[in-house]
Amino acid sequence: MVWVEIVLGGLLLGGLYALLSVGLNLQYGLMRVLNVAHGEFVVLGGYVTYTLVVGWKVNPLATLAVTGPGLFLVGLAVHRVLFRGLVRLRRTREELEANSMLLCFGLLFVLQNAMLLLWRADIRGYTYWDHPWTLAGVAMPANRVVAFAAAVGLTGGLFAALRYTLVGTALRALMQDAVGARVVGIPVQKAHALCFALGVALAGVTGSLLSMLYPLTPFAGFPYTVTGLVVVILGGLGSLVGSLIGGLLLGVVEAVGVYLTSPDLRLALSYGVLVTTLVVRPYGLVNAAARRPGQQPWV
């Protein structure tokens, strides 16, 4: 039963990892923006939930209705101020990636210091359904089960929106062929803004769910960014299905590795998975670059 609990715990955490990485993968897959400030948006979403829970006694799950739309508007504003002009320059993909990464590094420090000013450096946190649920002799923390269910529901909703809505079809078309998408009249600038804002909103929602499990500090974003990048590379750049598979796999690897070694090595295990993936399968488990011509993409 111990190993069953460890693997299930890893899968529960992996569901959150998948949601964490989907927004990052969406931004890179469409805009070629590697948002290294992604973890800071995760922490910001966690702080918003913390403030509502502690100050206003709001249920943490209900705060998703605030962090999602709120961080979406923040993402729109950030895109307009920082990335709109950069994308309009129509530079090569390599120049766009390099310049956007520099902008995101600056954004990282701005967000860190803003959160430090608003919430100070003290560790913040709250308790929510921290009692165990037992099913068939397997005990799992209730808050992890609830967070996993919410993450799976949000990820499934995003997949359905990208697959079956007109806006989702336009975003997928841009990911596959930006030139062809422009030819048929897809508004590229609006699609970029929507994509970036959606990635920020997903980060904020993930932060709300993670705040149910882990304490918050203004400088806690870097490990989340690393985890998101590991999942994106593990699953494949531009593949949202790959993010889902990679998140679940990384969650299990970390859970088993921490059990066999030490909790202090969790980040080292993530780096180990990253290096192994780059050596063994550099395109990731599911990647557009590895598909055969004419094969349909995985959303």
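**Close-up 1. S100 in helix α4 of the predicted model.** S100 is found in helix α4, and the model shown is a predicted one. The relative accessibility of S100 is 0%, so this residue counts as buried. Neighbours within four places in sequence are left aside here: S100 is then in contact with R32, V33, L34, F83 and L86. S100 and L82 are 18 residues apart in sequence, and their C-alpha atoms are 8.6 Å apart in space. F83, one of the contacts of S100, returns in the next view.

**Close-up 2. The ring pair of F83 and F196.** The structure holds four aromatic pairs. A pair of aromatic rings is described by the distance of the centres and the angle of the planes. For F83 and F196 the centres are 4.9 Å apart and the planes stand at 45°, so this pair is tilted. F83 sits in helix α3 (residues 64-88) and F196 in helix α8 (residues 188-210). F83 has 0% relative accessibility and counts as buried. F196 also counts as buried, at 0% relative accessibility.

**Close-up 3. T206 in helix α8.** Helix α8 also holds T206. Is T206 buried or exposed? At 0% relative accessibility, T206 counts as buried. Which residues does T206 touch, leaving aside its neighbours within four places in sequence? T206 is in contact with L16, L19, L20 and V42.

**Close-up 4. The aromatic cluster of Y128, W129 and W133.** Y128, W129 and W133 form one aromatic cluster. Within this group, look at W129 and W133. Their ring centres are 5.6 Å apart and their planes are at 55°, so the pair is tilted. The cut-off for edge-to-face is an angle over 60 degrees. W129 is partly exposed, with a relative accessible area of 39%. W133 is partly exposed as well, with a relative accessible area of 37%.

**Close-up 5. M140 in strand β2.** M140 is found in strand β2 (residues 138-141). The relative accessible area of M140 is 11%, so M140 is buried. What is M140 in contact with, once neighbours within four places in sequence are left aside? The contacts are E5, L8, G9, L12, H131, P132, W133 and V145. W133, listed here among the contacts of M140, belongs to the aromatic cluster of the previous view. E5 comes from elsewhere in the sequence: M140 and E5 are 135 residues apart. In space, the C-alpha atoms of M140 and E5 are 7.1 Å apart.

**Close-up 6. Helix α1 against helix α6.** Here helix α1 (residues 2-31) meets helix α6 (residues 166-176). Their axes come within 8 Å and cross at roughly 60°. The two helices are therefore oblique to each other. On the α1 side, the contact is made by L26, G29 and L30. On the α6 side, the contact is made by L171, L174 and M175. What kinds of residue make up this contact? Five are nonpolar, one is polar and none is charged.

**Close-up 7. The salt bridge of E254 and R266.** How many salt bridges does the count come to? The count comes to one. E254 forms a salt bridge with R266, and the closest N and O atoms are 3.4 Å apart. E254 lies in helix α10 (residues 240-260), while R266 lies in helix α11 (residues 266-280). The partners are 12 residues apart in the chain. Their accessibility values are as follows. E254 has 2% relative accessibility, so E254 counts as buried. R266 has 25% relative accessibility, so R266 counts as partly exposed.

Close-up 8. K57 is not a glycine, although its phi is positive, at about 60°. K57 is found in the loop between α2 (38-56) and α3. With a relative accessible area of 69%, K57 is exposed. R120 is another residue other than glycine with a positive phi, near 65°. The place of R120 is in the loop between α4 (93-119) and β1 (132-135). Helix α4 is also where S100 of the opening view is found.

Terms used
Residues numbered from 1 in each chain as written. Predicted model: local features only at pLDDT ≥ 70, side-chain atom pairs only at ≥ 80, totals over all residues. Heavy atoms only, no water. Axes fitted to C-alpha atoms, helices over the stretch in contact; angles between N-to-C directions. Helix = DSSP H or I, 4+ residues; strand = E, 2+ residues; numbered from the N terminus. Parallel < 35°, antiparallel > 145°, perpendicular 65-115°, else oblique. Contact = heavy atoms within 4.5 Å. Nonpolar A, V, L, I, M, F, W, Y, C, P; charged D, E, K, R; others polar. Salt bridge = Lys/Arg side-chain N within 4 Å of Asp/Glu carboxyl O. Buried < 20%, exposed > 50% of the residue type's maximum accessible area, 1.4 Å probe, protein only. Phe/Tyr/Trp six-rings, centres within 6.5 Å; stacked < 30°, edge-to-face > 60°.
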